[in-house]
Amino acid sequence: MPPIAEITELIVFVLLAGAVVIGALGVVLLPNIVYAAFLLGGVFLAVAGLYLMLNASFIAAAQVLIYVGAVNVLILFAIMLVNKKEAMAASPGMGLRRLLSSGVCLGLLTLLLRVAFTTPWATPGPQSIGEDAVIRLGEHFFSDYLLPFELASVLLLMAMIGAIVLARRDVFATDVGTGEAVDQALIEKARSPLLVEKTTMEQSTR
Amino acid sequence: MTNLSVPLEAYLTVAALLFCIGVWGLINSRNAVRVLMSIELMLNGVNINLMAFSSYLDGNEIRGQVYAIFVITVAAAEAAVGLAILLSLYRNRDTVDMEQFNLLRW
């Protein structure tokens, strides 16, 4: 008779793993992209729960903050900005592609599971340090992983500037309303539409 | 402290399932936003693997957690730049259908 803590742990793991797998299937298969985005947030939260079970509270908090708080919100904003109901034209060979890719994915899954179950893992390894993990993480970041840590900050700066440059509207164009050339002042105008839709432009020219 | 009721293979199974679902979605999605979401799923699968190995096999030196932090950082940068590219594409081509983005196809 195993103690009650182990049974509880098993139940929690099964619930979290089920939420992860079913949520991921929903993300990929649901036709409505907004539901898929919200399910993606659920998957991120369940993964954070798995991290908590693995004695990694700091990474779980980082997962919730970065993935649920930033990446998922960013994806929802992108869906809002490109929200257009469009009937995707049927592409030739779609059924064959689905069949082939399903075969490839199932083969990859079989390979990964075979590796996971046939390798003699040296469990249990050394004792987990539990809540001291944050201290050990800080030691790693400022001693033997210092260069990747600094490179990560440079990467984040590059990504920030790159995202701003890519997503910025061309402000050195003509004003849609008046037709005169405008510059940076367009940003300050509250009334000008942020995203000019082609349909409204066509209607105005007609 | 190491939990023995849930074996390491269970975490590896969940990670493998998540990764394969992400690969399937990456290949089969028509909507560009869903492609980016599939990439996030794959990165999360990799992170679960790293964290499981870190907790079960590397309890003192938690190097897997350090790598997971770096993966999360790169994933955040990738999401920001990817969605910016998607917005720029949508402004130019007026669609998010992956089949329409064939400018570089030979």
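This note sets out numbered points on the predicted model of chains A and B.

1. Basis of the model. The model is predicted, with local features reported at pLDDT of at least 70, side-chain atom pairs counted only at pLDDT 80 or more, and totals for chains, interfaces and linings drawn from all residues. Residues are numbered from 1 along each chain as its sequence is written, chains are lettered from A and ligands numbered from 1 in the order in which they are written, and side-chain values use heavy atoms, leaving out hydrogens and water.

2. Fold of chain A. Chain A holds eight helices and zero strands, and from the N terminus on its elements run α-α-α-α-α-α-α-α. Here helices (H or I, at least four residues) and strands (E, at least two) are DSSP runs numbered from the N terminus. Of the 206 residues in chain A, 29% are buried; buried means under 20% relative accessible area, exposed means over 50%, and partly exposed lies in between (1.4 Å probe, protein chains only). Among contacts in chain A with a separation of 6 or more, residues 24 or more positions apart account for 39%, a contact being heavy atoms within 4.5 Å.

3. Annotated spans. The unreviewed UniProt entry places the feature "transmembrane region" at residues 12–30, 37–54, 60–83, 95–117 and 145–167 of chain A. Such positions are given in the numbering used here, with feature names shortened, and the annotations may be inferred rather than shown by experiment. In the model, residues 37–54 of chain A are 94% helix and 0% strand, with end C-alpha atoms 26 Å apart. Residues 95–117 of chain A are 100% helix and 0% strand, and their end C-alpha atoms lie 33 Å apart.

4. Helix α6 of chain A. This helix covers residues 146–167, has 22 residues and reaches 32 Å from its first C-alpha to its last, close to the 32 Å expected at 1.5 Å a residue; the expected span is 1.5 Å times one less than the number of residues. Its buried residues are A:Ala152, A:Ala159 and A:Ala163. Seen down the axis of α6(A), these buried residues fall within an arc of 25°, so they line one face of the helix; the arc is that of the directions from the helix axis to the C-beta atoms. An α-helix has 3.6 residues a turn, so residues three or four places apart point the same way. The buried residues of α6(A) pack against α3 of chain B. The face of α6(A) turned away from its buried side carries the exposed residues A:Leu147, A:Leu151, A:Met158, A:Ile164 and A:Val165.

5. Interface between the chains. Chain A contributes 86 residues to the contact and chain B contributes 75 residues. About 7,700 Å² is buried between chain A and chain B, 73% of it on carbon and sulfur atoms. Buried area is the accessible area (1.4 Å probe) that two parts lose on being put together, summed over both. In chain A, the residues that lose the most area to chain B are A:Val28, A:Leu54 and A:Val82, together 8% of what that side buries.

6. Salt bridge across the interface. Between chain A and chain B the count is one salt bridge, defined as a side-chain nitrogen of Lys or Arg within 4 Å of a carboxyl oxygen of Asp or Glu. The side chains of B:Glu99 and A:Arg97 meet in this way at 2.9 Å, N to O. The pair runs from B:Glu99, in the segment after α3 (63–93) of chain B, to A:Arg97, in helix α4 (residues 94–118) of chain A. B:Glu99 is buried at a relative accessible area of 17%, whereas A:Arg97 is partly exposed at 26%.

7. Salt bridges within chain B. The structure holds four salt bridges over all chains. One of them joins the side chains of B:Arg30 and B:Asp97 (2.9 Å, N to O). B:Arg30 lies in the loop between α1 (8–28) and α2 (32–57) of chain B and B:Asp97 in the segment after α3 of chain B, so the pair ties together parts that are 67 residues apart in sequence. Both B:Arg30 and B:Asp97 are buried. B:Arg63 also forms a salt bridge, with B:Asp58, the closest N and O atoms being 3.1 Å apart. B:Arg63 is partly exposed at 38% relative accessibility, while B:Asp58 is buried at 16%.

8. Surroundings of A:Gly23. A:Gly23 is placed in helix α1 (residues 4–29) of chain A and is buried, with a relative accessible area of 6%. Not counting residues up to four places away in sequence, A:Gly23 touches A:Gly18, A:Leu39 and A:Val43.
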